[in-house]
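Visitor: I have a structure open and would like to go through it with you. Could you take my questions one at a time?
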Amino acid sequence: MSQSPPPRLGEPDRPWMMRTYAGHSDAKRSNELYRKNLEKGQTGLSVAFDLPTQTGYDPDHELARGEVGKVGVSIAHLGDMRTLMDGIPLGEMNTSMTINATAAWLLALYIVAAEEQGVSEDQLQGTTQNDILKEYLSRGTYAFPPGPSMRLIADTIAYTVQHVPKWNPINICSYHLQEAGATPIQEIAYAMGNAIAVLDAVRDRVPQELMGNVFGRISFFVNAGVRFIEEHAKLRAMSQLWEELGRERYDVQDDKHRRFRYGVQVNSLGLTEAQPENNVYRIALEALAVTLGRGARARAIQLPAWNEALGLPRPWDQQWSLRLQQILAYETDLLEYPDIFEGSVVMESLVADLVDGAREEIQRVSELGGAVEAVDYMKSALVDSHRERWRRIESGDLTVVGMNRFTSTEPSPLTADADGGILVVDPAVEAQQQDAVRHWRAERDQTAVDAALAELERVARNDAENIMPATIAAARAGATTGEWAQALRNVFGEYRAPTGVGEAAAVSSEDVAELREEVERVSDALGRRIKFLVGKPGLDGHSNGAEQIAVRARDAGMDVVYEGIRLTPSQIANSAAQEGVHVIGLSILSGSHRQLIPSVLEALREAGAGDVPVVVGGIIPEADAAWMREIGVAAVYTPKDWNLNQMMRDIISLVGVGHGVDTAAPA
Amino acid sequence: MSQPPAESRELARRLREGDLSAAPAVLNLVETRTDAARAQTAALLGELAPAATGGEAPAHLVGVTGPPGVGKSSLLSRLVAQWRERERSVAVLAVDPTSRRSGGSLLGDRARIEVDPGDRSVFIRSTAAGDRLGGLAPATRAAASALAVAFDVVVIETVGVGQSETEVADVADTTVVVVQPGSGDVLQFLKAGIMEVPDVLVVTKSDLGRVAMRAQADLRAALRSLGGTQTAVVSVSSVPPPSGIGELADALDAHRSELDLAPRRARSRRMHALADFSAEYGDRGLRSVGGRREAERWLAEQDPGLDVPALGRALEQHAGMSGQWSPT
């Protein structure tokens, strides 16, 4: 055909699904928020759950302390789900739920809540994230070991493909891999490896003739960074590899089933706390990466808010991001053209490079026995990439405007108002939710719940059965999130993911030479090497920051005790006392620092380690930072303190001063 | 940091009285390499030596070693729980093999041993292996003998096969080597004599079924051919439902009860004194006491209840040197 494609589409494309990742406090407040968002022109829902819900604990569990209703809404039972979706027609809505370890449970609650609205399960549309491997690699809200987790995923897929056919039972997430430092090639390769592991697991649990439908229901949740040309190429490369995989490995016949479908949340990693208003531009450019070329355009988009590096965004901040989507879709001419990159030599060669690189890396993962077996390898590869990214920022090789370059600034009127420009969850929510769940337990038919949970345990023990029917029955009977998860923990056991830090490569010695000398000098004076405990209290699983601190401290010559995520204050205090550490670093990104930090300090005093200095890092508003220093925290670090070596200098000096050793003046 | 002279006496008193909360301070002291702290450590060990207390420390010293990734930490989680059910207090000294290229280390081991943080009868301390390739941290031996006075069980956990178990065996009453099914290297090491026959062999992951049983049978056969019929071979599974853990605890107890403890510990202390002496003074030092053999013979004639630093001091005097162990 010599004729060139028409310059315009006959009819403009329909816009993608527009969502805002939202939810906080309790079901009632989140329901109000959703209804308002829908009024503003949002076309789908994206539910953010709090960490106890994500990890399978009720609001009154010890580990839930400080986390209830923080990073999302607390959903402890059917009553909460009912309230959350009140007045929202579930037959028409398209709901995405960011839920993984407990995905089967939340899907069951959603199915029963819909049933009560008179909507049958085969009408439901939406997505459960349900991707456990990236939880081990990056996000940290896993609950069960890999084997049983893969079974739960396979069970939800097998169930939905037959009973909830319009549901996307899993979102393979490369998003969090980029947040953990993945290069584009790693992001593509590990996502594909992950998908292969899932599909192989499902293959045994559905009739062969349904595999095409299974393949067609798998969707992806990707990331887009600010290097938006390469990022767009990445998505085209993923489309190509996915189509190939369907054809070659799973013999998927229907073209439609082999189409690469993805939703996106653009990059949060690159958003800065310094001059946060600049993030609006970054978000807009990143949105272009996933919309510009029709050949690989997102099906659903949710954008972060400009102030994510400062704390939880307010409804107004999220509205600002939604408006960006609407301008892009409704004001610009973006949706009027065919694929604008077709025939582009630059784009094609970019895509070819990424495909080649990804194929090699997919092969490596496969040689290690597949993505489940290769978790350790992938984790340490990610820690390495992140370390490299950080090194480039510190050395200035990578420019981040407003952070390591062009840093002089006028005071920002956006952050000047009283609340500092973020949402603060009412601390009373936790107690209210605790009362509410106790009340719920007291009011229900306990015999029915006990029977449902016993049945659930029985099914869990029998690998050949699908977990979903028993889960739906438990939801209907009135079991709680914590009870459902506990029943499975009884059968499957607990799991701790690899930290990846042990295998991480060291930074080149010249970068830390000065630090090493200082560590040696202070250690010699102490008679014992500086020992540093890096701890992550609470349920927050975002461990990338803590890992980078641990690796850098080791490279600087310290003995580092890092125990991974999800530690109680008493575990941290116990470790600090028993290990005889000189200094403690705590990392919290979930906003629970106001509850958790005082608990840790108290536990340290009780364990006889009250004199060990504590530093805190995380997403911490300035007012909270000042308050923490008042209650005895030695230093508070936020995303604007991006220079890790400077942080190390502070820590060494803190130890030195505390033990009467002269230290070099902090630079 | 100089320690007040009273500190070692106070720590020794607390340990003798069974005060487990003294453990962190004991470890901080023995790990501190200043002259003052070393003198304090020597004084502490002197106060806790059989010569001073009138008998060997009551704890069961258990060495646990095996290649990385075999499930030592999961096993220890279960074993510690088992000992706690038997109402024994447990100290775990985890020696981490992390490379010391930068001088620093990442101590991840305690992360993988699950214990109740509120349980004051369990103590876990991780230490970097330090400059000694694959070996025990310099302070671990001292810590083990001090904590053995107060705890019921002291575990020394190291990583590796072929080398580390030898060093552990020098300190421990009972040495456990942990292997997983299909690890032919251990079999080869045993046959080639690279690895000494352990007191107890544990095959993990018995949930794998036939593979695990086969591994157990192979190891039994290899041990028989080496004359190691005394070695217990136990299959365990640490994943739920755990199995074999009680059996393992029983096997450890059985080994310990058949041990002639006092001469074994006395010999161990003499070996360590000699090792420390030769590390400090080298071949010249050894020649000045008539060579290694002669030194061993001479040490065997000393009071069997002396602690390592005291034996070291005696060797120094014997060699006409003034020394590292003398209190300053």
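Visitor: Which strands form the open sheet in chain A, and in what order?
Guide: This is a predicted model. In chain A, five strands form an open sheet with the order β2-β3-β4-β5-β6, and their pairing is parallel.

Visitor: Which strands stand at the edges?
Guide: Those are β2 (21–22) and β6 (167–168) of chain A. Each has a single partner strand, so one side of each is left without a neighbour in the sheet.

Visitor: How many bridges join β5 to β6 in chain A?
Guide: Two bridges join β5(A), residues 125–128, to β6(A), and the two strands run parallel.

Visitor: Let us step back. What does chain A contain in terms of secondary structure?
Guide: Chain A comes to 24 helices and 15 strands. Its radius of gyration is 25 Å, close to the 26 Å that the globule rule gives for 667 residues, so chain A is as compact as a globular protein of that length. Along the principal axes, its C-alpha atoms fill a box of roughly 75 × 70 × 50 Å.

Visitor: What percentage of chain A is buried?
Guide: Of its 667 residues, 56% count as buried. As for contacts in chain A with a separation of 6 or more, 79% are between residues 24 or more positions apart.

Visitor: And what are the corresponding figures for chain B?
Guide: Chain B has 328 residues, and buried residues make up 52% of them. Residues 24 or more positions apart account for 74% of the chain B contacts with a separation of 6 or more. Its secondary structure comes to 14 helices and eight strands.

Visitor: Which strand of chain A is joined to β3(B)?
Guide: Strand β12 of chain A, residues 559–562, is joined to β3(B) by three bridges, and the strands run parallel. Within this pairing, Asp559(A) has Ser105(B) as its bridge partner.

Visitor: Turning to packing, how many residues are in the largest nonpolar core?
Guide: The largest nonpolar core has 291 residues. Those with the most contacts inside it are Ala576(A), Val26(B), Ala146(B), Leu147(B), Val154(B) and Val155(B). Helix α8(A) gives the most to this core, with 12 residues. There is also a second, separate core of five residues, which includes Tyr57(A), Ala64(A), Val425(A) and Val429(A).

Visitor: Is α8(A) mostly covered or mostly open?
Guide: Helix α8(A) is mostly covered, with 17 of its 20 residues buried. The helix spans residues 184–203 and reaches 28 Å from its first C-alpha to its last, close to the 28 Å expected at 1.5 Å a residue.

Visitor: What is Ala146(B) in contact with, sequence neighbours aside?
Guide: Beyond its neighbours within four places in sequence, Ala146(B) is in contact with Leu15(B), Val26(B), Val30(B), Leu44(B), Leu45(B) and Leu48(B).

Visitor: One more residue: is Ala573(A) buried or exposed?
Guide: Ala573(A) counts as buried because it has 29 C-beta neighbours inside 10 Å, and 20 or more is the cut-off. Ala573(A) lies in helix α21 of chain A, residues 569–579.

Visitor: How far is the C-alpha atom of Ala573(A) from that of Leu604(A)?
Guide: The two C-alpha atoms are separated by 4.7 Å, although the residues are 31 apart along the chain. Leaving aside neighbours within four places, the contacts of Ala573(A) include Val600(A), Ala603(A) and Leu604(A).

Visitor: Finally, the backbone. What is the phi of Asp251(A)?
Guide: Asp251(A) has a positive phi of about 55 degrees although it is not a glycine. Asp251(A) lies in the loop between α10 (228–248) and β9 (262–265) of chain A, and counts as exposed with 11 C-beta neighbours inside 10 Å.

Visitor: And what is the phi of Gln275(A)?
Guide: Its value is positive too, near 45 degrees, in a residue other than glycine. Gln275(A) lies in the loop between β9 and α11 (279–289) of chain A. With 19 other C-beta atoms within 10 Å, Gln275(A) is partly exposed.

Methods. Residues are numbered from 1 along each chain as its sequence is written. Chains are lettered from A and ligands numbered from 1 in the order in which they are written. This is a predicted model: local features need pLDDT of at least 70, side-chain atom pairs count only at pLDDT 80 or more; totals for chains, interfaces and linings use all residues. Two strands pair if DSSP finds at least two bridges between them. Helices (H or I, at least four residues) and strands (E, at least two) are DSSP runs, numbered from the N terminus. The expected span of a helix is 1.5 Å times one less than its number of residues. A residue is buried if 20 or more other C-beta atoms lie within 10 Å of its own, exposed if 12 or fewer, and partly exposed in between; C-beta atoms are placed from the backbone. A nonpolar core is a set of buried Ala, Val, Leu, Ile, Met, Phe, Trp, Tyr and Cys residues joined through C-beta atoms within 7 Å. Two residues are in contact if their C-beta atoms, placed from the backbone, lie within 7 Å. The radius of gyration is taken over C-alpha atoms; the globule rule is 2.2 Å times the number of residues to the power 0.38.
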